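Here's a quick look at a metal site and some charged pairs. Have the sequence and the 3D view open as you read.

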Amino acid sequence: MAKPGRAAFTPAAHNSGKAHHDGLVVASHGRHCLVETPTGERLICHPRGKKSQAVVGDRVRWQATEDEGTIEEVLPRRNLFYRQDEIRTKSFAANLDHVLILIAAEPEFSEHQLARALIAAEAERITPIIALNKSDLVEPFERAWAKLAPYRRMHHGVLPLSLKASGEADYASLMKLLSGKSTLVLGPSGSGKSTLTNLLVPGATVLTQEISQALNSGKHTTTSTTWYWIDEARTTGLIDSPGFQEFGLNHIEPMQLAGLMSDIAEHTGDCKFYNCTHLHEPGCGVISNVETPTHAGPISASRYRIYGELFAELSQTRY
Ligand SMILES: Nc1nc2c(ncn2[C@@H]2O[C@H](COP(=O)(O)OP(=O)(O)OP(=O)(O)O)[C@@H](O)[C@H]2O)c(=O)[nH]1
Ligand SMILES: [Mg+2]
Ligand SMILES: [Zn+2]
């Protein structure tokens, strides 16, 4: 029997117009995307209609047309990692095991955006990994490391990296985490996402910032989301994505927030009222555990402030 991936390219399958094949979406460019067959061939596919709009990481059923293909069906997703603001929804990728949030000593990262990306991952039950890159830049790294204290105390911790200066040492610790999994690498522009891809993916030559600066080609070096295989057996997937600035959480209900911030969620069981917003209620288990200048507490002041600001923002955009 012909392998499923090959059959698409035979005239018989083409003429019958009926053969459906399995595929994995490995890149998306606006409406059309690149689909990889089980045997490793890649072809451009167009969605049949709005319903078959696919994102990277999607498993699809496709049909051959001329030398390209049509996506007939997007198979049910395990999860979909996306952000949403007032204007639009932007999907990053589907069917993920991890979101690796890569930030760096430089450029300075926004704690707000980090907190938002973590909440979006928790909402889809995707395991987050936080890594802080550029440990060779000693002083900015120390500042960033200190700023991350509340995140270092959380269950996922923070992994220090120096992808350019001592990538070899990072290789082993990263492989241990990522092996056999599908991981989306996410983070602000310039944090080193493509440098990471080049380190882990044999033969990858993804454009990184110093080269794009030399070519003078704009602020974001990477402009589309792309899936790479780390191993030849194609069991470990790594997805490079363009840097983001604003991470909209319009799809989250304000009352869901506390449950999606693990350091805060730990204390919601102690609240006097079941529908506590943790903003002002008496007997609130969250408020009593927030650190103050005179009282050390397990919830950092900055995390609690972010909670309050997000709660207000999400309450406003409901209507
Ligand atoms: N000092 C230092 N620089 C690094 C390190 N890792 C990456 N860089 C540099 O940081 C710059 C940005 O790296 P990229 O990999 O292009 O960043 P990116 O996250 O892919 O950026 P976008 O594609 O724009 O989102 C490049 O000049 C890298 O060489 C590191 O460990 N230390
Ligand atoms: Mg990049
Ligand atoms: Zn409370």
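C271 sits at 12% relative accessible area, so it counts as buried, the cut-off being under 20%. Keep in mind that this is a predicted model. H278 is buried too, with a relative accessibility of 6%. Both belong to the zinc site: C271 (SG), C276 (SG), H278 (ND1) and C284 (SG) coordinate the zinc ion (ligand 3) at 2.1 to 2.4 Å. Along the sequence, those donor residues follow the spacing C-x4-C-x1-H-x5-C.

What arrangement do the four donor atoms make around the zinc ion (ligand 3)? It's tetrahedral, because the angles they subtend run from 100 to 116°. For reference, the ideal angle for four tetrahedral donors is 109.5 degrees.

Now for the charged pairs. The whole structure holds ten salt bridges, including these:

| Salt bridge | Closest N to O | Relative accessible area |
|---|---|---|
| R42 and E36 | 2.9 Å | R42 38%, E36 5% |
| D263 and R303 | 2.8 Å | D263 9%, R303 2% |

The salt bridge between D263 and R303 ties together distant parts of the chain: D263 is in helix α10 (residues 262-265) and R303 in helix α11 (residues 301-316), 40 residues apart. Both D263 and R303 are buried.

As for E36 and R42, they join R234 in a network of salt bridges. Within it, E36 is buried and R42 is partly exposed.

Note on methods:
Residues numbered from 1 in each chain as written. Chains lettered and ligands numbered in written order. Predicted model: local features only at pLDDT ≥ 70, side-chain atom pairs only at ≥ 80, totals over all residues. Heavy atoms only, no water. Donors = N, O, S within 2.8 Å, 3.2 Å for Na, K, Ca; no water. Tetrahedral: all angles 85-135°; square planar, octahedral: opposite > 155°, others 65-115°. Buried < 20%, exposed > 50% of the residue type's maximum accessible area, 1.4 Å probe, protein only. Salt bridge = Lys/Arg side-chain N within 4 Å of Asp/Glu carboxyl O. Helix = DSSP H or I, 4+ residues; strand = E, 2+ residues; numbered from the N terminus.
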